[in-house]
Structures are given as structure tokens and as C-alpha cells.
Amino acid sequence: MGRYFRDVWEGIVTVLIGMKVTWRHLFTPAVTIQYPDVKLKLPERARNRLYVNMDDCIGCDQCAMACPVDCITIETIKSTPDVDLGLTSVGTKKRLYVPVFDIDIAKCCYCALCVYPCPTECIKMTDVYEFSEYNRENLIYNFATMTAAEAEQAKARLAAYDKEQAAKKAAAAAAAAAVKPAPTPAPSPNPDSKT
Amino acid sequence: MKEFLVSLLQNEILVYSIMALVPLVWVIPFALFAVWWERKISAHMQDRLGPMRTGGWHGWSQTIADILKLIQKEDIIPTAADKKLFMLAPYVVFTGSYAAYAAIPFSAAYVGSEINIGLFYIIAISSLVVIGLLMAGWASNNKWSLFGAMRSAAQVISYEIPVALALLAVVMVAGTFDLHQINQAQEGGILHWYIFRNPFLLPAFVIYFVASLAETNRTPFDIPEAESELVGGYHTEYGGMRFAILFLSEYANMFAVSSIAATLFFGGWTSPFGEALSGPWWGLFWFLGKGMAFIFVQMWLRWTLPRLRVDQLMYVGWKVLIPFAFVVVLGVGFWVMVIG
């Protein structure tokens, strides 16, 4: 019987204690924030959306090879010796055109493995994390700065250069072949003109 | 108010219709904003913010948006449900909870129906709610709904006894069942309220309040709804407007029991300062204010206490509240006999 009354009393008292706790919390400032209006500061090394600085990219393809989910697609075109593509900000000479540099951010797993091998530190993780899209295609980011026409031009130039080089090589081979069987070649009017 | 309307409109039926609709003017906005209020209180008690965006200031119109959404929804009736009962149940529930307002005096000038058995009528008519809940649970043809409805019936029937006994204690002091007269007897300031007039009426109030929580299916006695175990209890299968009506009647019921507590123990529409700040409009203010204060306590308890188990619920009802209620009734009887 004593136990019964003690239980009843304890029931009332503990309810009041609980009410005191919730009452106190009613006036505690909220720990949540109003997200789109207020944002938490990200950690310094937070890994979010990838960014590529194409001015520094040398098209070495190391990031694409490091990517565990193959979300980076790079195509390159060799430049000809007569064009100077300039230097990167760390002083590396650029030798390749990069007409295609696509990152499918929908596939990206934010591991940052592409960031470490980059010799010119041009691919990096930014703190942008709000980039949802209605269309999945919009999540394929095209970083390449070259237009299609420019790429065509570069390709054509390279093809011409390659052809020229091949012709040179063929001519040189032909000349060498002509020299061998006839140790005493007939004097040509202009031996240096090789076209 | 009735006499005034009769002299104004010269038509008794019209007057009665208007009188019947007056509490609705309060109940519907109350239910709308009480839901918002509950969400805000729960959020702040958990150190959150709750709805913040709809309508600008602290999401004040969140529930208006909710109700607009509910009205637009398709009226879905499960194929296996008992169609007629399923459609009828929400209205039975609402009728049960709204009918109680007929005898509650909102102010010195307004009481829906001045019947001399007001309190008795309220106890009787609010039992109709259980039939509606059982109907809803049974007609849904869903085991969770049926569980909820059965629990609700068991709970409400058990807890009606302590409620009736606690109310009986007040009736013994007041000597009448008429809520309006009970209210008038408490006029003249805070010390004339029944809760302070008789030492046995304080436990009577506690018993009434605890049992009324169970009657309105509020936490810690919300096992008929028990979101975490029964999905939603008897209203699991309801959607759209019917769900809105079940919700509305739940909140109407909450205010009904709160206002009965205010009327019987805390002076209803009487001013706590005696003659100062009294009058029909001030009376309305005091009545609604006291009712809302109890609504707040109900919400406060909801976010404080965990849900009781079914056996614990029955233990509290039959082994704690009812014996104590009997003692209170006896004590009040002696007090009235000896001291007056």
C-alpha cells in the first residue's frame, strides 16, 4: 500500500520534473539554422564541385586516369612546332590543345583523387555544393574553352603538318635509297630543294 | 444573445441555426492555428524552429496551406472498406465533439443552449465520438485502423468514469448541472474559483485533466493513434477532406475538454480581478484565454511524456484515477456537509 502511494506521488513529481525540462528547452535558442538563408561555414578542405582552370591544363590525362569512376573525358590535339600555346602559371610549356574536357559531376564521387596527380594544379575541389539540375545532361560540365571550329582548324593544321613530315620522311628515305645503290650520284641542279 | 437575435430576426429557427454556428466561428480557426501552434511548440521544445517559411512571419499560414492541400486531394476510399460507414465516420466524430459546445458558456452573454443538465449532456454526447472512431477503424478494413479504434474505445470507456466522478465533485459543490450557473457561482475574482474554494477540488481537477487527456487521445495516452506503432490508428486509411475533418474534430475535442476544465475549476468567463475587466466581451476573452492555457498544457505534456503501454494505461485508469476520484467525491461531500 505504501508502495502504491509512493508510486503515484513519484509519477506526479517526475511528470513535473519532465515538464520543467521541456519548459526550459522552450526558451533555448534553436540549434538548427534556416538553410538557404543561413549557411554553415564549410571546412577548409571540403570537397564539393570540381573546377578546372583550362588556362593551366596541359592535357596530360592524368586526372582522367586517376578517376575511379571514369567521369572525366579528355581529348587532346597535338600542336605544331610553329604555334606557341604559352606557359601555365607554374611554368610548364603547353604542347597540346584540349578541345574536350568533360566532367560528369553526376558520376563524381568527390574523392579528389584527380586533384593530386595534376602537375599544374589546375583541377581542384571548390566549396560550391548547390548545383542540382532538372536535367541530368546538365550535370556534364564542359570545361574546354576551344570552339568546335578552332578544334577543326587545329586538327587540320596537325594533319597538314603530319603530311608534310611524312612527305619529308618519304623524301629522305627515297634520297637515302637513291644514294645507296649509286655511290656516285649524278649531280642534281638543286640538291637542297626537297618539296 | 438569444433574446437579442429573436428580437432582431423574428424567426426562431434562424436564430437557433445562428446560435449553433457561433462556436464554429471559433473552432475552425482554432483548429487551424492550434496545429501550427503545436508544431511550433514541439519544435521549440526540441530546440528546432518548426515551420518558418509559409506566409512570412514564422510560417503562420502553414496550416492554411495544409488545409488547402487537403481539400484539393482526391477522395480515396479503399476498395475493401465498408463504403457507407467509412464515409459517415468522420462526420459522426465531428458531430460528437462539436455537440459538446452547445452547453459550454463562451461568455456571460452566449451559451448555445441553457439546459439545466449541461454537464450531463456533455458527458453523454462526447461518448458519440467513440462510436465514430470505432466506425472509422472498422470500416477501413485495415488491421492498424481496427487496433487503433479498439484501443480508443477501451481507453475512452475506462477514462469516462474518472472524468464523470471528477465532474460530479464540482456538481456537488455547485449544486447544479448547468454550466452557466456553475460559472456564475464563481464570479467575484480569482479566490472564488472552485479550484481555490475547496481543497478536494484541486485533486479533482488533476484527475479530470489527466483523464481528459486520455479522452482526447493525446499523449501520453495516444495509443489509439500511436504513429510509431499503428501508422495513424483509426485514421490510417483516411485522406483529403475526411482526414481534415477527423483532425478538426480532434482539436475541437481538445478545446472542449480544456474549456470544461476552465469553466468548472477556473471560473470560465469570470474575470480573475472581480468586477474589473468583466463584461460579455471580456468574458469571452477570459474564457478563450483559459481554454488556450489548458491547450498549451496539453501540448506541453505531449512533448514531455512518452506514450503509455496499454496495460499501464489501464492501470492508471482503473487503479489510480478511479479510487482517487472516489476519495475526492467523498471528501468533497464531507467538506460541503461540514463547512459548506
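Me: Which way do helix 7 and helix 14 of chain B cross, left-handed or right-handed?
Reply: The crossing of helix 7 of chain B past helix 14 of chain B is left-handed. Bear in mind that this is a predicted model.

Me: At what angle do the axes of those two cross?
Reply: Roughly 10°, for helix 7 (residues 143–174) and helix 14 (residues 310–338) of chain B, and their axes come within 8 Å. Helix 7 of chain B is therefore roughly parallel to helix 14 of chain B, since angles under 35 degrees count as such.

Me: How do the residues of that contact divide by class?
Reply: Between helix 7 and helix 14 of chain B there are 21 nonpolar, four polar and one charged.

Me: Next, helix 4 and helix 6 of chain B. Are they roughly parallel or roughly antiparallel?
Reply: The axes of helix 4 (residues 83–99) and helix 6 (residues 128–139) of chain B cross at roughly 160° and come within 8 Å. That angle is why helix 4 of chain B counts as roughly antiparallel to helix 6 of chain B; the cut-off is over 145 degrees. Helix 4 of chain B also passes helix 6 of chain B in a left-handed crossing.

Me: Which residues make the contact?
Reply: From helix 4 of chain B they include L85(B), F86(B), L88(B), V92(B) and G96(B). On helix 6 of chain B, L128(B), I131(B), M135(B) and W138(B) are among them. By class, the contact of helix 4 with helix 6 of chain B has 15 nonpolar, four polar and no charged residues.

Me: Changing topic: how many residues does each chain give to the contact of chain A with chain B?
Reply: Chain A gives twelve residues and chain B gives eleven. The side of chain A that touches chain B consists of six nonpolar and six polar residues, with no charged ones.

Me: Now the sheet in chain A. What is the strand order?
Reply: The order is 2-3-5, in an open sheet of three strands with antiparallel pairing. Strand 2 (72–78) and strand 5 (140–142) of chain A are the edge strands, each pairing on one side only. On average, neighbouring strands are turned by 15° against each other, direction ignored.

Me: How many bridges hold each pair?
Reply: Strand 2 and strand 3 (residues 96–104) of chain A pair over six bridges, and strand 3 and strand 5 of chain A over three bridges.

Me: What stands opposite I72(A)?
Reply: I103(A), in strand 3 of chain A. I103(A) also has a bridge partner in strand 5 of chain A, namely Y141(A). As for T73(A), its bridge partner in strand 3 of chain A is D102(A).

Me: Which helix lies across strand 2 and strand 3 of chain A?
Reply: Helix 3 (residues 148–179) of chain A, running at about 45° to strand 2 of chain A.

Me: Last one, D127(A). Where is it found?
Reply: D127(A) sits in the loop between strand 4 (123–125) and strand 5 of chain A.

Me: Why is D127(A) partly exposed?
Reply: Because D127(A) has 13 other C-beta atoms within 10 Å; a residue counts as exposed at 12 or fewer and as buried at 20 or more.

Me: What is D127(A) in contact with, leaving aside its neighbours within four places in sequence?
Reply: L42(A), A46(A) and N48(A). R47(A) lies 6.7 Å from D127(A) in space, C-alpha to C-alpha, though the two are 80 residues apart in sequence.

Methods:
Residues are numbered from 1 along each chain as its sequence is written. Chains are lettered from A and ligands numbered from 1 in the order in which they are written. This is a predicted model: local features need pLDDT of at least 70, side-chain atom pairs count only at pLDDT 80 or more; totals for chains, interfaces and linings use all residues. Two strands pair if DSSP finds at least two bridges between them. Helices (H or I, at least four residues) and strands (E, at least two) are DSSP runs, numbered from the N terminus. Axes are lines fitted to C-alpha atoms, for helices over the stretch in contact, and angles run from 0 to 180 degrees between N-to-C directions. Two residues are in contact if their C-beta atoms, placed from the backbone, lie within 7 Å. Ala, Val, Leu, Ile, Met, Phe, Trp, Tyr, Cys and Pro count as nonpolar, Asp, Glu, Lys and Arg as charged, and the others, Gly among them, as polar. Angles under 35 degrees count as roughly parallel, over 145 as roughly antiparallel, 65 to 115 as roughly perpendicular and the rest as oblique. A crossing is left-handed if the near helix is turned anticlockwise from the far one by less than a right angle, and right-handed if clockwise.
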